[in-house]
Amino acid sequence: MKFNIKFHPLLFQASLAAGGVALMPFNYLQFAIPHGKGLIKLSDIAWNALSGVEIALYFPLVAIMMISTIVHLILTFVFLKGLVSWVRNKSELDAFMSDSYKNVGIFPIIASLAMSTNVFWGPIGFFIPQISANLQALMLPSLILFGILWFFLLKLEFKVIKTWLKDSVDMRKFSFVWLLDVFAFGLVNLTGTGIAAMSGSKVIAGIAAIASLITLSIGLFLLIIKLVFLIYHQMKKEGLPDNPVLPAFFLVLPIACLYGLSFYRIAMYLQNYFSIDLKGASFFIVNFSYGITIAWGLYTLYMLSDYFKNYFIKSDFSPPQWGMV
């Protein structure tokens with residue numbers, strides 16, 4: 001059976017999500033299992049020495065990581081094929097980018113490809129030890145890829161800002177989906193700061209750190225401006241937004257974590273190459289970002305609890321149809 005799905009940039013959210021799921025068990029194993037210097041590999045897990053509880057925990061995590069990594073790679077390949085055809089249709093691309101209320105949907109493409117870089121370093125390197133063993137040799141190609149993503153991220157951001165500044169645009173119509181570009185900035189930052197923190201070359205690390213600081217600054221500025229604006233207008237409304245954009249409230253959670261981790265990696269870079277001890281500051285930044293994540297998560301759940309309460313009272317109990325557009 002053949003399925004024909006019309007391409008849309010928001011499809012990349014599926015590959016992005018699969019990559020995020022693959023990274024979660026990897027990050028847990030990275031800190032939970034003692035191993036040598038660098039990133040953890042499958043061979044670092046001494047299965048014979050593990051207890052039954054540990055095997056019951058680690059084996060499903062490894063399985064989830066493998067399945068999610070494969071799904072991420074397959075979806076990325078399929079969506080990139082669709083993207084090539086979509087870009088060739090210049091009229092369709094121009095129409096999408098000129099729509100001030102929809103063009104922010106272009107950024108999941110950049111976000112997903114930035115996630116692919118982190119999946120390559122982490123989960124793929126976990127299963128293919130040659131990647132982990134030659135990680136330093138991959139820093140230059142990784143920097144080039146980061147530079148390409150960095151360039152297109154800024155190019156697209158400036159392009160969509162032009163449409164947002166039009167007199168005819170009603171800013172009150174924007175929802176939390178408007179933060180998709182900030183999310184993309186966070187993932188590109190994560191890639192750049194990862195290179196800065198891991199690279200053994202001072203030149204490569206320095207270029208990645210400077211470029212990351214630029215996008216960190218722009219992304220943080222956009223986050224503050226947009227979040228203040230969105231919260232202000234949400235408080236003025238009597239109810240929640242329409243169903244399709246409700247899940248966008250949760251975008252703030254990964255954004256806060258991404259920016260906190262990126263600043264932490266910048267602190268690692270400064271410690272490695274300039275012996276500047278920012279442990280106190282990095283500890284505060286990471287905990288502050290996770291504090292915001294928890295607070296916003298509780299606030300979002302509180303708002304959605306009111307929605308579900310009203311929904312199930314007034315509805316026929318059919319599940320709400322949620323999407324991102």
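Predicted model: local features only at pLDDT ≥ 70, side-chain atom pairs only at ≥ 80, totals over all residues.
**Entry 1: W121**

Leaving aside residues up to four places away in sequence, W121 touches L39, L135, M139, S142, T191, G194, I195 and M198. I then looked up the element that holds W121, and found this residue in helix 4. Is W121 buried or exposed? Its relative accessibility is 4%, so W121 counts as buried. I also checked the spacing between W121 and S132: the two lie 11 residues apart in sequence, and their C-alpha atoms are 7.3 Å apart in space.

**Entry 2: Helix 4 against helix 7**

Helix 4 covers residues 107-127 and helix 7 covers residues 180-198; their axes come within 8 Å and cross at roughly 25°. The two helices are therefore roughly parallel to each other, since angles under 35 degrees count as such. I recorded their crossing as left-handed. On the side of helix 4, the contact is made by F107, P108, I110, A111, A114, M115, T117, N118 and W121. Helix 7 contributes L180, D181, A184, L187, V188, L190, T191, G194, I195 and M198. Sorted by class, this contact has 14 nonpolar, 4 polar and 1 charged residues.

**Entry 3: Helix 7 against helix 9**

I next followed helix 7 to helix 9. The pair packs at an angle of about 20°, with the axes 8 Å apart. That angle makes helix 7 roughly parallel to helix 9. Helix 7 passes helix 9 in a left-handed crossing. From helix 7, I listed V182, F183, F185, G186, L187, N189, L190, T193, G194, A196 and A197 as the residues that meet helix 9. Their partners in helix 9 are P254, I255, L258, Y259, L261, S262, R265, I266, M268, Y269, N272 and Y273. By class, the residues of this contact divide into 16 nonpolar, 6 polar and 1 charged.

**Entry 4: Helix 1 against helix 2**

For a further pair, I looked up helix 1 and helix 2. Their axes are 7 Å apart, and the helices pack at an angle of about 150°. Helix 1 is therefore roughly antiparallel to helix 2, the cut-off being over 145 degrees. The crossing of helix 1 and helix 2 is left-handed. In this contact I noted 21 nonpolar residues, 6 polar and no charged.

**Entry 5: The nonpolar core**

Which residues of the largest nonpolar core touch the most other members? I found L29, I106, F107, F126, L179, L187 and I255, out of 78 residues in that core. The elements giving two or more residues to it are helix 1 (12-32), helix 2 (52-88), helix 3 (90-97), helix 4, helix 6 (139-164), helix 7, helix 8 (202-236) and helix 9 (252-274).

**Entry 6: The whole chain**

Of its 325 residues, 45% count as buried. I also looked up the sequence separation of contacts: among those between residues at least 6 apart in sequence, 80% join residues at least 24 apart.

Methods
Residues numbered from 1 in each chain as written. Heavy atoms only, no water. Axes fitted to C-alpha atoms, helices over the stretch in contact; angles between N-to-C directions. Helix = DSSP H or I, 4+ residues; strand = E, 2+ residues; numbered from the N terminus. Parallel < 35°, antiparallel > 145°, perpendicular 65-115°, else oblique. Left-handed = near helix turned anticlockwise from the far one by under 90°. Contact = heavy atoms within 4.5 Å. Nonpolar A, V, L, I, M, F, W, Y, C, P; charged D, E, K, R; others polar. Core = buried A, V, L, I, M, F, W, Y, C linked by side-chain atoms within 4.5 Å. Buried < 20%, exposed > 50% of the residue type's maximum accessible area, 1.4 Å probe, protein only.
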